[in-house]
Amino acid sequence: MYTPENWPIACKMNFGPRAEDGSPIATAPVRVWEDQLAQVAGVGFTEIDPMDDWIPIAELSPQRFEEFRGALDRFGLHVAAISIGRNSVVDVEHGERNVATIHATIDRAADLGAEIVNVGFQQALTPPQKEALWFWLAEGHHDDPALRPLAIERVRELCDHAQRRGLQMSLEMYEDGFLGTPEDALAFLRDVDHPALGINPDIGNLIRLHRPMPTYDVMYDQVLPYSNYWHIKNYLRDEDPATGAYFSAPVPLEYGVIDYRTIIRRALRVGYSGPFMTEHYGSDWLGVGATNARYIREVLLQARSLIEARGTTSQEAPDLSLSAAQA
């Protein structure tokens with residue numbers, strides 16, 4: 001059990017896949033990695049999530065992987081989890097390749113001492129999404145229901161591997177796919193039926209959409225008991241029933257439509273014990289991430305009694321039966 005002081009709150013390494021000179025960050029000199037890691041450590045982070053849209057850990061040679069691990073050590077940084085972005089295991093063209101990449105990521109995550117490998121079914125941004133101010137305002141990929149059985153099979157295979165390496169897998173919620181609603185996420189989790197699998201309750205991915213949406217507290221109530229990793233972010237959201245107009249924009253955790261002080265405490269009450277990863281789009285993402293990390297730590301410190309009370313009782317595995325998912 002973590003304490004409020006040592007609970008892992010990771011920085012999403014949102015520097016992008018290219019160095020300042022335009023070369024791939026994966027092949028950049030170690031000093032380029034160190035410059036970015038120094039910035040992260042300098043704002044107070046001790047954990048990171050090296051998501052594959054930064055340095056694709058699975059693709060590094062053994063020598064470069066050791067260079068990466070050495071750079072982490074020099075700045076006192078640890079890997080809490082590794083997230084896989086737009087590399088769906090059922091991508092029609094690259095699904096098998098993506099499965100192999102995630103297997104390699106699981107091994108590298110274990111070598112780095114991570115707890116979680118996070119996956120989803122997001123695919124490459126569409127041309128309209130690339131042109132939009134915020135990519136989620138344009139139409140994106142929709143999962144093919146016919147591929148759902150294959151998705152279940154491949155995620156279960158990955159969970160077997162993760163379990164052998166002492167890790168857990170987490171399913172990231174995202175619109176218009178197999179994990180596009182709380183009900184969909186719970187149904188998928190239940191159908192995979194694996195003890196090493198949980199949900200990433202990234203409700204921020206949904207609350208930002210310009211479409212009708214259940215209230216955030218209703219959605220969180222459904223998925224928090226099954227969650228093991230949390231990409232946490234907040235948005236302004238406004239909707240005008242008279243005109244059908246919507247507005248959303250990313251903001252620090254403390255200022256958005258989601259009351260995270262209440263939601264984090266609610267998560268602790270139902271047994272949440274996984275890492276957090278601060279995620280923010282636009283503006284000074286690193287500065288906002290550091291502000292969000294301090295906010296989460298403050299909430300955890302004030303919830304100390306909830307955390308300590310949990311440590312005195314055994315935690316049972318969640319019931320993933322149909323009745324529990326529908327409750």
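**A parallel sheet and its surroundings**

Ala81 stands opposite Ile116 in strand E5. The model is predicted: local features need pLDDT of at least 70 and side-chain atom pairs pLDDT 80 or more, while totals for chains, interfaces and linings use all residues. Residues are numbered from 1 along each chain as its sequence is written, and side-chain values use heavy atoms, with hydrogens and water left out.

Strand E4 and strand E5 (residues 116-119) pair in the parallel sense over three bridges; strands (E, at least two residues) and helices (H or I, at least four) are DSSP runs, numbered from the N terminus, and two strands pair if DSSP finds at least two bridges between them. The open sheet consists of four strands in the order E4-E5-E6-E7, with parallel pairing. Its edge strands, E4 (81-83) and E7, each pair on one side only. On average, neighbouring strands are turned by 25° against each other, direction ignored.

Helix H3 (residues 95-111) lies across E4, E5 and E6 and runs at about 155° to E5. Helix H5 (residues 148-164) packs on the sheet, touching E6 and E7, and its direction makes about 145° with that of E6. Axes here are lines fitted to C-alpha atoms, for helices over the stretch in contact (heavy atoms within 4.5 Å), and angles run from 0 to 180 degrees between N-to-C directions.

Within the sheet, Ser170 belongs to strand E6 (residues 168-172). Ser170 is buried, with a relative accessible area of 0%; buried means under 20% relative accessible area (1.4 Å probe, protein chains only). Not counting residues up to four places away in sequence, the residues that Ser170 touches include Ile116, Val117, Leu197 and Tyr229.

Note on methods
Buried < 20%, exposed > 50% of the residue type's maximum accessible area, 1.4 Å probe, protein only.
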